[in-house]
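Have the structure open as you read.

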Amino acid sequence: GGSGGGADKGKGAGRKGKGRLTEKQEDDLMMQAASKEEKGKSASGGTRLTKQPACITGGTMRPYQLEGLNWLIKLYENGINGILADEMGLGKTLQTISLLAYLKESCNVEGPHLVITPKSTISNWCKEVQRFCPSVRAFKFIGDKHERAKLKAAHLDFGTGFDVCIT
(Lines give C-alpha, C1' and ligand atoms only; values in the text may rest on other atoms or scores of the structure.)
Protein backbone atom coordinates (compact mmCIF):
# COMPACT_ATOMS: atom_id res chain seq x y z
CA GLY A 1 0.00 0.00 0.00
CA GLY A 2 0.86 3.64 0.01
CA SER A 3 -0.29 6.72 1.82
CA GLY A 4 -3.10 9.11 1.00
CA GLY A 5 -5.82 9.20 -1.60
CA GLY A 6 -7.33 5.83 -0.70
CA ALA A 7 -4.61 4.09 -2.72
CA ASP A 8 -4.16 1.31 -0.16
CA LYS A 9 -5.57 -2.11 -0.88
CA GLY A 10 -8.71 -3.14 0.97
CA LYS A 11 -11.37 -0.82 2.32
CA GLY A 12 -10.80 2.90 1.93
CA ALA A 13 -12.61 6.17 1.75
CA GLY A 14 -13.30 7.67 -1.64
CA ARG A 15 -13.48 4.36 -3.47
CA LYS A 16 -16.01 3.52 -6.13
CA GLY A 17 -17.24 -0.03 -5.61
CA LYS A 18 -15.54 -2.81 -3.71
CA GLY A 19 -11.76 -2.51 -3.69
CA ARG A 20 -11.65 -0.43 -6.87
CA LEU A 21 -9.67 2.74 -7.46
CA THR A 22 -10.97 5.66 -9.44
CA GLU A 23 -9.06 6.55 -12.57
CA LYS A 24 -7.60 9.61 -10.79
CA GLN A 25 -6.46 7.45 -7.85
CA GLU A 26 -4.79 5.03 -10.28
CA ASP A 27 -3.06 7.91 -12.07
CA ASP A 28 -1.90 9.37 -8.74
CA LEU A 29 -0.53 5.97 -7.65
CA MET A 30 1.36 5.58 -10.93
CA MET A 31 2.81 9.09 -10.60
CA GLN A 32 3.95 8.35 -7.03
CA ALA A 33 5.61 5.14 -8.19
CA ALA A 34 7.33 6.92 -11.09
CA SER A 35 8.51 9.68 -8.78
CA LYS A 36 10.07 7.14 -6.39
CA GLU A 37 11.85 5.43 -9.28
CA GLU A 38 13.29 8.71 -10.51
CA LYS A 39 14.78 9.29 -7.04
CA GLY A 40 16.46 5.88 -7.23
CA LYS A 41 14.03 4.14 -4.89
CA SER A 42 12.16 1.02 -5.85
CA ALA A 43 8.39 1.23 -6.01
CA SER A 44 6.34 -1.82 -4.99
CA GLY A 45 9.13 -4.24 -5.78
CA GLY A 46 10.60 -1.90 -8.37
CA THR A 47 10.94 -4.43 -11.18
CA ARG A 48 12.54 -2.81 -14.20
CA LEU A 49 13.64 -5.09 -17.03
CA THR A 50 16.60 -4.04 -19.14
CA LYS A 51 16.19 -7.00 -21.49
CA GLN A 52 13.25 -9.07 -22.65
CA PRO A 53 12.20 -12.20 -20.74
CA ALA A 54 14.46 -15.14 -21.60
CA CYS A 55 11.57 -17.28 -22.85
CA ILE A 56 10.81 -14.73 -25.61
CA THR A 57 12.82 -16.53 -28.27
CA GLY A 58 11.11 -15.67 -31.55
CA GLY A 59 12.44 -12.13 -31.90
CA THR A 60 14.03 -9.15 -30.22
CA MET A 61 11.92 -6.50 -28.57
CA ARG A 62 12.54 -2.89 -29.58
CA PRO A 63 13.38 -0.41 -26.80
CA TYR A 64 9.89 1.16 -26.86
CA GLN A 65 8.35 -2.33 -26.59
CA LEU A 66 10.53 -3.08 -23.57
CA GLU A 67 9.40 0.23 -22.07
CA GLY A 68 5.78 -0.82 -22.68
CA LEU A 69 6.47 -4.17 -21.01
CA ASN A 70 7.94 -2.39 -17.97
CA TRP A 71 4.81 -0.23 -17.81
CA LEU A 72 2.60 -3.34 -17.92
CA ILE A 73 4.70 -4.96 -15.17
CA LYS A 74 4.37 -1.81 -13.05
CA LEU A 75 0.60 -1.91 -13.48
CA TYR A 76 0.56 -5.59 -12.47
CA GLU A 77 2.75 -5.00 -9.40
CA ASN A 78 0.55 -2.13 -8.26
CA GLY A 79 -2.74 -3.96 -8.90
CA ILE A 80 -3.80 -1.38 -11.47
CA ASN A 81 -5.66 -2.02 -14.71
CA GLY A 82 -4.55 -0.37 -17.93
CA ILE A 83 -4.97 -0.30 -21.67
CA LEU A 84 -2.01 -0.71 -24.01
CA ALA A 85 -3.13 1.49 -26.88
CA ASP A 86 -0.15 1.95 -29.21
CA GLU A 87 -0.65 2.62 -32.91
CA MET A 88 -1.19 -0.36 -35.23
CA GLY A 89 1.97 -2.21 -36.15
CA LEU A 90 4.02 -1.26 -33.07
CA GLY A 91 3.88 -4.65 -31.41
CA LYS A 92 1.12 -4.63 -28.79
CA THR A 93 0.72 -8.38 -29.25
CA LEU A 94 4.41 -9.03 -28.53
CA GLN A 95 4.33 -6.73 -25.50
CA THR A 96 1.31 -8.58 -24.11
CA ILE A 97 2.87 -11.99 -24.79
CA SER A 98 6.03 -10.72 -23.10
CA LEU A 99 4.02 -9.82 -20.01
CA LEU A 100 2.61 -13.38 -19.91
CA ALA A 101 6.17 -14.70 -20.37
CA TYR A 102 7.45 -12.48 -17.56
CA LEU A 103 4.66 -13.62 -15.24
CA LYS A 104 5.45 -17.28 -16.01
CA GLU A 105 9.24 -16.91 -15.85
CA SER A 106 9.71 -14.49 -12.97
CA CYS A 107 6.55 -14.72 -10.86
CA ASN A 108 5.60 -18.38 -11.37
CA VAL A 109 2.16 -17.27 -12.62
CA GLU A 110 1.28 -19.60 -15.47
CA GLY A 111 -2.36 -18.64 -15.73
CA PRO A 112 -4.88 -19.39 -16.79
CA HIS A 113 -4.99 -16.12 -18.70
CA LEU A 114 -7.75 -14.94 -21.01
CA VAL A 115 -7.13 -12.91 -24.17
CA ILE A 116 -10.26 -11.47 -25.76
CA THR A 117 -9.65 -10.24 -29.27
CA PRO A 118 -11.59 -9.62 -32.48
CA LYS A 119 -12.51 -12.89 -34.20
CA SER A 120 -10.41 -11.95 -37.22
CA THR A 121 -7.21 -11.88 -35.13
CA ILE A 122 -7.61 -15.04 -33.02
CA SER A 123 -5.51 -17.25 -35.32
CA ASN A 124 -2.81 -14.59 -35.55
CA TRP A 125 -2.67 -14.33 -31.76
CA CYS A 126 -2.12 -18.09 -31.50
CA LYS A 127 0.61 -17.98 -34.16
CA GLU A 128 2.33 -15.07 -32.40
CA VAL A 129 2.29 -16.84 -29.02
CA GLN A 130 3.82 -19.93 -30.66
CA ARG A 131 6.36 -17.82 -32.54
CA PHE A 132 7.54 -15.53 -29.74
CA CYS A 133 7.06 -17.69 -26.65
CA PRO A 134 6.41 -21.36 -27.35
CA SER A 135 6.65 -22.18 -23.62
CA VAL A 136 3.33 -20.34 -23.11
CA ARG A 137 0.65 -22.85 -24.10
CA ALA A 138 -2.26 -21.16 -25.88
CA PHE A 139 -5.47 -22.49 -27.35
CA LYS A 140 -8.26 -20.98 -29.45
CA PHE A 141 -11.74 -20.98 -27.98
CA ILE A 142 -13.82 -20.49 -31.10
CA GLY A 143 -16.37 -22.31 -33.21
CA ASP A 144 -20.04 -23.12 -33.27
CA LYS A 145 -21.95 -24.18 -30.15
CA HIS A 146 -20.91 -27.83 -30.44
CA GLU A 147 -17.23 -27.09 -31.15
CA ARG A 148 -17.09 -24.73 -28.17
CA ALA A 149 -18.74 -27.36 -25.95
CA LYS A 150 -16.00 -29.85 -26.92
CA LEU A 151 -13.26 -27.28 -26.26
CA LYS A 152 -14.85 -26.36 -22.94
CA ALA A 153 -14.97 -30.00 -21.87
CA ALA A 154 -11.40 -30.65 -23.01
CA HIS A 155 -9.73 -27.49 -21.67
CA LEU A 156 -11.85 -25.22 -19.53
CA ASP A 157 -13.73 -27.58 -17.24
CA PHE A 158 -10.50 -28.93 -15.75
CA GLY A 159 -8.02 -26.20 -16.77
CA THR A 160 -5.70 -28.66 -18.45
CA GLY A 161 -2.99 -28.11 -20.99
CA PHE A 162 -2.99 -24.35 -21.44
CA ASP A 163 -1.69 -21.10 -20.00
CA VAL A 164 -3.79 -18.74 -22.10
CA CYS A 165 -7.21 -19.07 -23.73
CA ILE A 166 -7.63 -16.84 -26.78
CA THR A 167 -11.20 -16.04 -27.73
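Q: Why is Arg137 called partly exposed?
A: The relative accessible area of Arg137 is 37%. Buried means under 20%, exposed means over 50%, and partly exposed lies in between (1.4 Å probe, protein chains only). Arg137 at 37% therefore counts as partly exposed.

Q: What kind of model is this, and what are the ground rules?
A: This is a predicted model, where local features need pLDDT of at least 70, side-chain atom pairs count only at pLDDT 80 or more, and totals for chains, interfaces and linings use all residues. Residues are numbered from 1 along each chain as its sequence is written, and side-chain values use heavy atoms, with hydrogens and water left out.

Q: What makes Asp163 and Arg137 a salt bridge?
A: Their side chains meet at 2.9 Å, N to O. A salt bridge needs a side-chain nitrogen of Lys or Arg within 4 Å of a carboxyl oxygen of Asp or Glu. The 2.9 Å value meets that limit, so the pair counts. Asp163 sits in the loop between H5 and E3, and Arg137 in the loop between helix H4 (122-132) and E2, 26 residues apart. Helices (H or I, at least four residues) and strands (E, at least two) are DSSP runs, numbered from the N terminus.

Q: Why is Asp163 called buried?
A: Asp163 has 1% relative accessibility, so it falls on the buried side of the cut-off.

Q: How many salt bridges does the whole structure hold?
A: The search finds 4. One of them joins the side chains of Arg48 and Glu67 at 2.7 Å, N to O.

Q: Why are Arg48 and Glu67 called partly exposed?
A: Arg48 has 44% relative accessibility, and Glu67 has 41%.

Q: What makes Phe139 and Phe162 an edge-to-face pair?
A: Their centres are 4.9 Å apart, with 70 degrees between the planes. Rings of Phe, Tyr and Trp (its six-membered ring) pair if their centres lie within 6.5 Å; planes under 30 degrees apart are stacked, over 60 edge-to-face, the rest tilted.

Q: How do you know whether Phe139 is buried or exposed?
A: Its relative accessible area is 8%, so Phe139 is buried.
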